[in-house]
Amino acid sequence: MAESPAGVTSLAERAQQILHAVCQTVGLDHGGAELLRLRSNAVYKLKDPIIVRIATAPTATERLPAVLAVTRWLDEHGFPTVRPADHVADQPVMCNGVAVTFWNYVPGNDVPATTGELGHLLRELHALPAPPVALCRLDDPLASVRANLQQHPESLTSGERDWLNHRITDLTEQWGHLPFVGPPALVHGDAWIDNLFRHRDGHVVLGDWDSVALGPREWDLIHSYHGQTRFGLNQHDVNTFATAYGHDLRTWPGYETLQHIRDLYAIGIHIRNAHGDPFSRQELQRRMRSLINGTADRWYMKPT
C-alpha cells in the first residue's frame, strides 16, 4: 500500500484514508462503509451494493487488469463468479499509488457454502479453455514470499530470515520436480472455502480472483487439504471436497511436498502486513514458530 501519510500508522488507517479518497474520485458515498477483510486486500462494503477492494500487494497494478477481464469472461460463459461493477469506469482506479477495484455485492444467505460445492466449481473451472486474456503462469508459487521477505526483513529475526530463505530455496527446487498431471489449466489460485459465497437465492459464487493464473490444477486443490492441517476443516469436509471434484489429491505422489509449499506460501501476507497490523504480527510469530518446530499447530485467518 502507499506510503503512510503523517500521523497514519496502521494498515487499517491507511486503507480507510484511501477508501475516502477513491470514493470521492469516482463519485460514490463512503459513509457507513463496513470493513469486511484486511489481509491481501482491504475489502469494504458500501451502503450501495458495491464492494471496494484496496490492494495491498505491490504487484497489483500489473495483475488486476487480467483479474477484471477473466471475471467478465467467466460471467459471460455462465460460471458463477463475482462481477466487476462496470459502471465505475477505467478500473483499476489508482489512488495515492494504490490500485482499487469495485465489484457488485453478492447479497448473502445464512447457509454457509460447502466444500462439496467448491469441489464441483473447481472441476468446472479446470475444464474450461484458457480465456483470451494475458494471464501470468504459476511457475513459482513462493515468489511472493521471497519478495515480501526482501522488502520487509524487519518483520522477522535474522535467524528466522536465514531459516526461511533456505526453506524457500529448497521447496522452490522441489516444486520444479513435482509430477503435475495434465497441461496447465485456468486456476483460481486461492481456492479456499472462505472465497465461496452463497447468494441470497441459494446458489454459490466464487470470489477473490487476485491470484488467477494458468497453472497446475493441484494448486487449487491443495487449499482444502491444507485447510484441514491448519485452519479447522475436518475430515468430512476434505472427503466431500475430493468426492465432488472427482479426484483425491492425497493419492498423488507430490501431495506432502505441495502441503509444505502451501504452508510457506501462507506466511507471505503476514510478512508484508506485520508492520501495520497487530493481527499479522501475532499470526506471523505463530506460523513461523510452527514451521521451524515442525508442528501442526492451528493457524487463524482473523483475530479470535
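Reply: Before turning to the strands, one term is needed: two strands are taken to pair if DSSP finds at least two bridges between them. The model is a predicted one.

Me: How many bridges pair β2 with strand β3?
Reply: Strand β3 covers residues 50-55, and its pairing with β2 is in the antiparallel sense. Pairing requires at least two bridges, and for β2 and β3 the number of bridges is five.

Me: Which residue in β2 is the bridge partner of leucine 35?
Reply: Strand β1 (residues 34-38) and strand β2 (residues 41-45) run antiparallel and are joined by four bridges. They form a hairpin, with two residues between the strands. Within β2, the bridge partner of leucine 35 is tyrosine 44.

Me: Which strands stand at the edges of the sheet?
Reply: The sheet is open and has five strands with antiparallel pairing, in the order β1-β2-β3-β5-β4. A strand at the edge has a single partner strand, so one side of it is left without a neighbour in the sheet, and this holds for β1 and β4 (93-95).

Me: By what angle are neighbouring strands of this sheet turned against each other on average, and at about what angle does helix α2 run to β5?
Reply: With direction ignored, neighbouring strands of the sheet are turned against each other by 25 degrees on average. Helix α2 (residues 60-76) lies across β3, β4 and β5 (98-104), and its angle to β5 is about 15 degrees.

Me: Are α4 and α5 roughly parallel or antiparallel to each other, and what is the hand of their crossing?
Reply: Helix α4 (residues 143-151) packs with helix α5 (residues 158-175) at an angle of about 155 degrees, their axes being 11 Å apart. Angles over 145 degrees count as roughly antiparallel, and α4 and α5 are therefore roughly antiparallel to each other. In their contact, Val145, Arg146 and Leu149 of α4 meet Arg161, Leu164, Asn165, Ile168 and Thr172 of α5, which by class gives four nonpolar, two polar and two charged residues. The crossing is left-handed.

Me: What is the hand of the crossing in which α6 passes α7?
Reply: The axes of helix α6 (residues 217-230) and helix α7 (residues 235-245) cross at roughly 160 degrees and come within 8 Å, which makes α6 roughly antiparallel to α7. On the α6 side the contact is made by Arg217, Leu221, Ser224, Tyr225 and Gln228, and on the α7 side by Gln235, Val238, Phe241, Ala242 and Tyr245. These residues divide into six nonpolar, three polar and one charged. The crossing is right-handed.

Me: How is α6 oriented to α8, roughly perpendicular or roughly parallel?
Reply: Helix α8 (residues 255-265) and α6 pack with their axes 9 Å apart, at an angle of about 75 degrees. Among the residues that meet are Trp219, Ile222 and Tyr225 in α6 and Leu258, Ile261 and Tyr265 in α8, and the contact divides into seven nonpolar, four polar and four charged residues. An angle of 65 to 115 degrees counts as roughly perpendicular, so the orientation of α6 to α8 is roughly perpendicular.

Me: Over which residues is the pLDDT below 50?
Reply: The mean pLDDT of the protein is 94, and 97% of its residues reach 70 or more. Where pLDDT is low, the predicted coordinates should not be read in detail. One stretch, which has eight contacts in the model beyond near neighbours in sequence, has a pLDDT below 50, namely residues 2-8.

Key:
Residues are numbered from 1 along each chain as its sequence is written. This is a predicted model: local features need pLDDT of at least 70, side-chain atom pairs count only at pLDDT 80 or more; totals for chains, interfaces and linings use all residues. Side-chain values use heavy atoms; hydrogens and water are left out. Axes are lines fitted to C-alpha atoms, for helices over the stretch in contact, and angles run from 0 to 180 degrees between N-to-C directions. Angles under 35 degrees count as roughly parallel, over 145 as roughly antiparallel, 65 to 115 as roughly perpendicular and the rest as oblique. A crossing is left-handed if the near helix is turned anticlockwise from the far one by less than a right angle, and right-handed if clockwise. Contact means heavy atoms within 4.5 Å. Ala, Val, Leu, Ile, Met, Phe, Trp, Tyr, Cys and Pro count as nonpolar, Asp, Glu, Lys and Arg as charged, and the others, Gly among them, as polar. pLDDT is the predictor's confidence in each residue, from 0 to 100.
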